[in-house]
Amino acid sequence: MAEARCSAAEAYDFDLRKFLDKPKMSIERQRSFEERSFSDLSISNIRGLDPSENNVYSPRIAARSGFDTPASSTRCSFEPHPMVADAWEALRRSMVFFRGQPVGTIAAYDHASEEVLNYDQVFVRDFVPSALAFLMNGEPDIVRNFLLKTLHLQGWEKKVDRFKLGEGVMPASFKVLHEPVRKTETLIADFGESAIGRVAPVDSGFWWIILLRAYTKSTGDLSLSETPDFQRGMRLILSLCLSEGFDTFPTLLCADGCCMVDRRMGIYGYPIEIQALFFMSLRCALTMLKHDAEGKEFIERIVKRLHALSFHMRSYFWIDFQQLNDIYRYKTEEYSHTAVNKFNVIPDSIPDWVFDFMPIRGGYFLGNVGPAMMDFRWFALGNCIAILSSLATPEQSTAIMDLIEARWEELVGEMPLKVCYPAIEGHEWRIVTGCDPKNTRWSYHNGGSWPVLMWMLTAACIKTGRPQIARRAIELMESRLQKDGWPEYYDGKLGRFVGKQARKFQTWSIGGYLVAKMMLEDPSHLGMISLEEDKAMKPLIKRSSSWTC
Ligand code: GLC
């Protein structure tokens, strides 16, 4: 059975890229959703927007039936893996209803676990794979309701003690409070004021914009993104990140724990996890913001920021063999504009493991870059999102995939995919995490393996024309995930053990698996969460061999 599936899948290897921009001809064309390129929107040219034919996308309205009839490909159909039906059932069980309408999915449906903590809530970031699964299955209502409800929550006054948070902040999570006596239902939300560490979720707003575009692109329904409320919601999120300050870099300055890695893990400053989402949400917003009086000002600011951000990231966050060698030979204490070592990185701070980890072919975006600081850790989300948003050039995207293949043992091992590599241990762990017992080496956020990341890896594989890598990873996953009860994460260097404190029936592990499966089956789904390269963003510098091989 497995072999039959595999060979059918192999027969399906062809240039998937052609799917990305092309509408599905067989599908009824409704309203078109323009993809504007930001090169079209050079600052002086914002008025003259003229979307070319290529940038016009015909949405897929194809409503697909329930979970027992998963989407079938346009070219050939697949025997669904027995896990798929179980996953759909578990995903449906996790649905949260508010006044009779589905509004999201609970983080984990784990009755065996004594402490619920906040796993009974709908997390914005956790809902993304669920939402994509529903969209891909032709069930957009829950996504629409979620977008509406979270927009409403954004409007709340948010306070931590006596301090008022920015208007645009989106919640990390929310839940429905049932009052059986009064027979009422109310929503309560957490914007960071209840979260461990009291950190606002910087990623929530970005995911919200990315999901709004995915919804719009997949359904062709412009009735959300074009309303004044949604336009305002987007602008409020953006104004949190585009305001002027003391910054000398176009990257976004963040507190530790403000994203999926939501505990202290030494990712404060300019973490790749946020920069990649920031870039992607700016590009998504650009496709949806209206050119009215208020929108126009934002569009100008976005275009400028994207230019600066892509230059900064591609120049200073990119590392490959050649670049590592250059940093190794850096001089320090350079002053003025002629400095090569602009951030004064001391070569002695390069950790030993990088020299072994770096393949001759391949590269990745560093975990963090700031004054006298380079975090050489590899992060999965940031690198996959860099590919999907085209923050990475096509050559860099290829290099990222080359590295994943070359370091398969380390990054995929027995369960895809490491949230970051490597783990920090000993004295460094004490200092960096503050002795966090949940984030011990090779566990949880500290080098743990997270099945949810499979959807991002699969999307990146399809975009770079290497679906076979995703298939290999999914096979590993299929040998364990259901048997183990859909855990949140796995521990150990190879990801062999169910995580120490991992929840079972973790919804985004389930949704992540389904999205990965559906995308492999029908790669045209990729368009929902992928943006093509903008030609104007072609790098001015070509530095090393891994870009061009
Ligand atoms: C953990 C994860 C976070 C996730 C939450 C709910 O706190 O670190 O990323 O959103 O669980 O699943």
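In this predicted model, the loop between strand E8 (173-179) and strand E9 (184-190) contains Lys-183. Although Lys-183 is not a glycine, its phi is positive, at about 55°. Its relative accessible area is 75%, and it is therefore classed as exposed, the threshold being over 50%. Asn-344 is partly exposed, with a relative accessible area of 24%.

Two cis peptide bonds also deserve attention. One joins Pro-416 and Leu-417, with omega about 5°; Leu-417 belongs to the loop between helix H14 (408-411) and strand E15 (420-421). Another cis bond runs from Tyr-421 to Pro-422, with omega near -10°, and Pro-422 lies in the loop between E15 and helix H15 (426-433).

Helix H7 (residues 228-242) has 15 residues, which should span 21 Å at 1.5 Å a residue; the end C-alpha atoms are 20 Å apart, in agreement with that expectation. Its buried residues, including Phe-230, Met-234, Arg-235 and Leu-238, pack against helices H5 (141-154), H6 (202-219), H8 (272-288) and H9 (293-317).

The ligand is surrounded by residues that include Tyr-119, Asp-126, Asp-262, His-445 and Trp-508. By class, this shell comprises six nonpolar, two polar and four charged residues. Oxygen atoms of the ligand lie 2.5 Å from a polar side-chain atom of Asp-126, 2.8 Å from one of Asp-262, and 3.5 Å from an N or O atom in the side chain of Tyr-119. Taken alone, the ligand exposes 310 Å², of which the protein buries 96%.

Terms used. Residues are numbered from 1 along each chain as its sequence is written. This is a predicted model: local features need pLDDT of at least 70, side-chain atom pairs count only at pLDDT 80 or more; totals for chains, interfaces and linings use all residues. Side-chain values use heavy atoms; hydrogens and water are left out. A residue is near a molecule or strand if one of its heavy atoms lies within 4 Å of it. A polar contact is a pair of N or O atoms within 3.5 Å; within protein, one must be able to donate a hydrogen and the other to accept it, and residues adjacent in sequence count only if both atoms are side-chain atoms. Accessible areas come from the Shrake-Rupley method with a 1.4 Å probe; for residues, only the protein chains shown count as cover. Ala, Val, Leu, Ile, Met, Phe, Trp, Tyr, Cys and Pro count as nonpolar, Asp, Glu, Lys and Arg as charged, and the others, Gly among them, as polar. Helices (H or I, at least four residues) and strands (E, at least two) are DSSP runs, numbered from the N terminus. The expected span of a helix is 1.5 Å times one less than its number of residues. Buried means under 20% relative accessible area, exposed over 50%, partly exposed in between (1.4 Å probe, protein chains only). Contact means heavy atoms within 4.5 Å.
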